[in-house]
Amino acid sequence: MIRWWRLALLVLLLPQVCGMDLDVEGDNEASGAAEEAHELLRRGSGQHTDNWAVLVCTSRFWFNYRHIANTLAVYRTVKRLGMPDSHIILMLADDMACNPRNSEPGAVYTDDRRGVVADLYGDDIQVDYKGYEVTVESFTRVLTGRHPEGTPPSKRLQTTERSNILIYMTGHGGDEFLKFQDAEEISSRDLADSFSQMWQKRRYNEILFMADTCQAGTLANHFYSPQILAVGSSAKDENSYSYGHNDHIGVSLVDRFTFKILDTLQSVSVGSSARLFSDMLDKLQPSFLLSTPTMNKRLWKHRPLNEVLVTDFFGATITVETGATPYPLNGGVEVG
């Protein structure tokens, strides 16, 4: 039996710990609030078991080539850092590789600081949602897990309460919205409600939300679920800009914000101890971006930000157990 003075203490302290308003009426509600607080603290330990990525390009049409390239470049990076396709949901609103205006059919390219032009499409790409499948509804279903019957596992985000999720979105947007295919929009409130459902259904441990679009920072204005870090390429009333121009392809191949993120990630390898803030986000310079990068940290209260690694989101988390002694190969004869 919980003593009344302990209940009173819970009522006073839980809103400060959890960032939520509680109206406790009786033993059952107080007990439920205590369990919720305990769950919040337990899930906020920073000890996750797996990483997932939802990578979304919301733009169609040839002149938005760079948005496809942005998304594919992040896709290639998380794969290089060990994340398998089974843990990546890739959503591309158009197929630039097969666009009749593409002077390099079957390929999508991007630039890096060294002047290297890399083909991002290749032979081992797995696009989970493409073309007109990329809608606000399909994206929301991916986040919340509310799929129609018969949806294959490759189109599902099969995360748990111990999963860290990178959500990267690029396209055209404005104040608190992002356009999908110039036909519909997702708002900050839509995203906030989807994340709330994910938290209630224990579908994530931590979320890193990154948006490369005009006024990207405003997309996080209405987020209210815990343990979400939101990073945007530009503040309210600011644009997000492309970087350079490729004369052979005829368009820009990357946006400045994504270019800077990818440039930092080139030096990161599997098992790296690089820090998300000091080694990546703090290097986003307004003078290069031509806009003000935003970092919404108000929902991140469970562990110090300086402890967050780049590979907590960009890459795979694998626990390996090794034996006390190596197993002898080839009859115990040393080879090599």
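**A salt bridge and its surroundings**

Guide: In this predicted model, the side chains of R202 and E161 meet in a salt bridge, at 3.7 Å from N to O. R202 sits in the loop between helix 5 and strand 10, and E161 in the loop between helix 4 (136–144) and strand 6, so the contact ties together parts that are 41 residues apart in sequence. The two partners fall into separate accessibility classes: R202 has a relative accessible area of 43% and is partly exposed, whereas E161, at 18%, is buried, the cut-off for buried being under 20%.

R202 follows helix 5 and has a positive phi, near 55°. Helix 5 itself covers residues 188–200. At 1.5 Å a residue, its 13 residues should span 18 Å, and the end C-alpha atoms are 18 Å apart, which agrees. Its buried residues are S188, L191, A192, S194, F195, S196, M198 and W199.

Strand 7 and strand 8 (residues 177–180) run antiparallel and are joined by 2 bridges; G173 stands opposite L178 in strand 8.

The other sheet is also open, with 7 strands in the order 5-2-1-6-10-11-12 and mixed pairing. Strand 5 (129–130) and strand 12 (294–296) are the edge strands; each has a single partner strand, so one side of each is left without a neighbour in the sheet. Strand 5 pairs with strand 2 (residues 88–92) in the parallel sense, over 2 bridges, and L92 stands opposite K130 in strand 5. Helix 3 (residues 65–80) packs on this sheet, touching strand 1 (50–57), strand 2, strand 6 (163–170) and strand 10 (206–212), with its direction at about 165° to that of strand 2. Helix 6 (residues 256–265) also packs on the sheet, touching strand 6, strand 10 and strand 11 (228–232), and its direction makes about 130° with that of strand 10.

R303 pairs with E206, the closest N and O atoms being 2.7 Å apart. E206 lies in strand 10 and R303 in the segment after strand 12, so this pair ties together parts that are 97 residues apart in sequence. R303 is buried at 11% relative accessible area, and E206 counts as buried at 0%.

Helix 3 takes part in one as well. D124 forms a salt bridge with R76, with 2.8 Å between the closest N and O atoms. R76 is in helix 3 and D124 in the loop between strand 4 (117–119) and strand 5, so the pair ties together parts that are 48 residues apart in sequence. D124 counts as partly exposed, at 45% relative accessibility. R76 and D124 are linked with K79 and D85 in a network of salt bridges.

The count for the model comes to 11 salt bridges.

Terms used:
Residues are numbered from 1 along each chain as its sequence is written. This is a predicted model: local features need pLDDT of at least 70, side-chain atom pairs count only at pLDDT 80 or more; totals for chains, interfaces and linings use all residues. Side-chain values use heavy atoms; hydrogens and water are left out. Two strands pair if DSSP finds at least two bridges between them. Helices (H or I, at least four residues) and strands (E, at least two) are DSSP runs, numbered from the N terminus. Contact means heavy atoms within 4.5 Å. Axes are lines fitted to C-alpha atoms, for helices over the stretch in contact, and angles run from 0 to 180 degrees between N-to-C directions. The expected span of a helix is 1.5 Å times one less than its number of residues. Buried means under 20% relative accessible area, exposed over 50%, partly exposed in between (1.4 Å probe, protein chains only). A salt bridge is a side-chain nitrogen of Lys or Arg within 4 Å of a carboxyl oxygen of Asp or Glu.
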